[in-house]
Structure formats: C-alpha cells, structure tokens
Amino acid sequence: MKTGPVDFVHPPAKVVQDLPRVADDMVSRPGSAVSLLRTVVGLYLREAGGWMATEVLLALLGALGVPVPQARTALSRVKQRGLLEAVAREGVPGYALARGAEAMLARGDRRIHEPRSMTPDAEWCLIVFSIPESMRDRRHQLRKQLRWIGCGSVEAGVWICPEYLRDEVAGAVEDLGLAEHVVLFTARGLPEGPSATEQVSRWWDLDAIAELHRQFIAGQADVPAVSAGPAESFAAYVHCIDAWRMIPYLDPGLPESLLPPDWPGPECIALFQRIRTAHEVPAGEFVRNAGGEG
C-alpha cells in the first residue's frame, strides 16, 4: 500500500463532477502548505460562516510557519481542487467553501474525530465487482478509492472492509457510476486464530499502517500536555490534525485479535485524543481573534 501522497487521476467529468470523496484528504503531503491550509479550512471555515478574508487565512498560515508567497500558492491550488472559491464580501477579498465541500468536510469529521474499532464479532462488508475492460479507468479509480477508504484486497475483484465503512464504499461506487457492476455483501466474523491473522495481513499492508502510527507518535510525542496560550495551541493542534487525518482513513480499525501483538494504534489514538483535549479550545480562540471575533 502506498502511504505517501498520491497524484489522483480523476475520472472523466461526465462521471464525477466534483472531486472524489477521499482525494482531497489524501492528495497533499502532510506538513506542506497545501495540506496545512486544507486542515485549517476543515477545522475552522465552517465555524466562521463558510468564508474568511484572504488576509486572515494568510495570517493563520503564517502562524503555522508558512511564508506569504507559499500561502498564496496554496490558496490557488486548493481553489483549483474545488474546495474553495474566491468570494469578496463588502469589497474584502476572501474565500468561501465551494459547492459540495461542506458535505465532504462533514464526512472527514467523522473519520478524523471519531476513530472506530471493530469488535471480534462485528460484521464485514464484502465488495465484489466485475468491470469490463472498456471501463478500466474507472475500475482503476475504484481500486484506488477502496484502498484510501481503508478496504483490504482479497483478490482482484473482491475487497473487504468493516461493515461501518459500507456507506463510504457505496458513495464511491455511486460517484464513479459503477453501481451496476459492484455488489456489496454483509459477512459475519472471521474465524479467530493464526489463519485469520495471516489472511488479514495479506489483505491489508499492516506494516505500512503501523508505520503511519509510529511516525505520528514520534512526531507528536513532545507536544505539551497543557496549553501555553492560544497561538501555541493553534500551531500544535493544526499540525497534529494535519499529521493525523490520513491515518483514520488508511487504518480501518480492525479487531485487536487480528492484529500483531505490538500494534501501535491504541497508543497513537490516545496521543491524538490527548493533544485534542489540551489544545482544541484555545486553538479555536486564536482563530476567532484572528478573524476579528475576539
């Protein structure tokens, strides 16, 4: 499984009018100006009424260490990707959420802030498809989307994921116009024991997912457990979310009984939750003050 940035090749416009559901979350390298802007937008633009002045966005990115030229380039790129649109209000230049962006961000909220984990007896969703060669571009897109949603590949036309990801799978299938070629089944449990663990390790690249968790732990371990002030919390919280938000997409939350004994997921989730608890509120205060609401 690829864990770095992916250059998504979108399906034809007649198939998908908007960005794919997951692409905007994954297309930029965490820590880059574009990714940090995407994180700021996801966290704060809706609370601000769906619009922010350009100078406020530039100031927020500056507080994250992004120079103004890079911040302006990031605004242009995020606009091109369909997340933002340039809108002036009372003569003040700014950016608003583009059509459909709010629903996409809401889906991201559920993944990012509510990491889920399967119980041993939880249901699975099997994705079975047979897509003709004439539609191979969309077949390729489907496989890419399924991987980013957190599905595992059993074989070429059979994929698997926790049942609670069914709606996201169905949404991706619908977006790609492949509903006639894909069938979703519900399956109950996998037999416990070495054979099931071996199968799961073939279906998902657990080493790559574990490495994402370990990278997050290493990068965020020194974040203070107590806020030193709104500005410091803003930087800490945004960088935390930016580093984290890929993980709950690629890690589907498999049962503990099917994972290696040294699985770093619980430690990673606990660290994320600790940072959020300490810094979310003062970070929001910093943003409101930057926007002239304080």
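How many residues has helix 10, and what distance does it reach from its first C-alpha to its last? Select residues 230-244 of this predicted model. Helix 10 has 15 residues and reaches 20 Å, close to the 21 Å expected at 1.5 Å a residue.

Keep helix 10 selected and display its side chains. Its buried residues include Phe234, Tyr237, Ile241 and Trp244. An α-helix has 3.6 residues a turn, so residues three or four places apart point the same way.

Now turn to the open sheet, whose three strands have the order 1-3-2 with antiparallel pairing. Select strand 1 (51-53) and strand 2 (84-86): these stand at the edges with a single partner strand each, so one side of each lacks a neighbour in the sheet. On average, neighbouring strands here are turned by 25° against each other, direction ignored. Glutamate 85 is found opposite alanine 96 of strand 3. Helix 3 packs on this sheet and touches strand 1 and strand 3, its direction making about 80° with that of strand 1.

Finally, select strand 5 (residues 152-155) and strand 6 (residues 158-162), which pair in the antiparallel sense over three bridges. The two strands form a hairpin with two residues between them. Glycine 152 has isoleucine 160, in strand 6, as its bridge partner.

Technical notes. Residues are numbered from 1 along each chain as its sequence is written. This is a predicted model: local features need pLDDT of at least 70, side-chain atom pairs count only at pLDDT 80 or more; totals for chains, interfaces and linings use all residues. Side-chain values use heavy atoms; hydrogens and water are left out. Two strands pair if DSSP finds at least two bridges between them. Helices (H or I, at least four residues) and strands (E, at least two) are DSSP runs, numbered from the N terminus. The expected span of a helix is 1.5 Å times one less than its number of residues. Buried means under 20% relative accessible area, exposed over 50%, partly exposed in between (1.4 Å probe, protein chains only). Axes are lines fitted to C-alpha atoms, for helices over the stretch in contact, and angles run from 0 to 180 degrees between N-to-C directions. Contact means heavy atoms within 4.5 Å.
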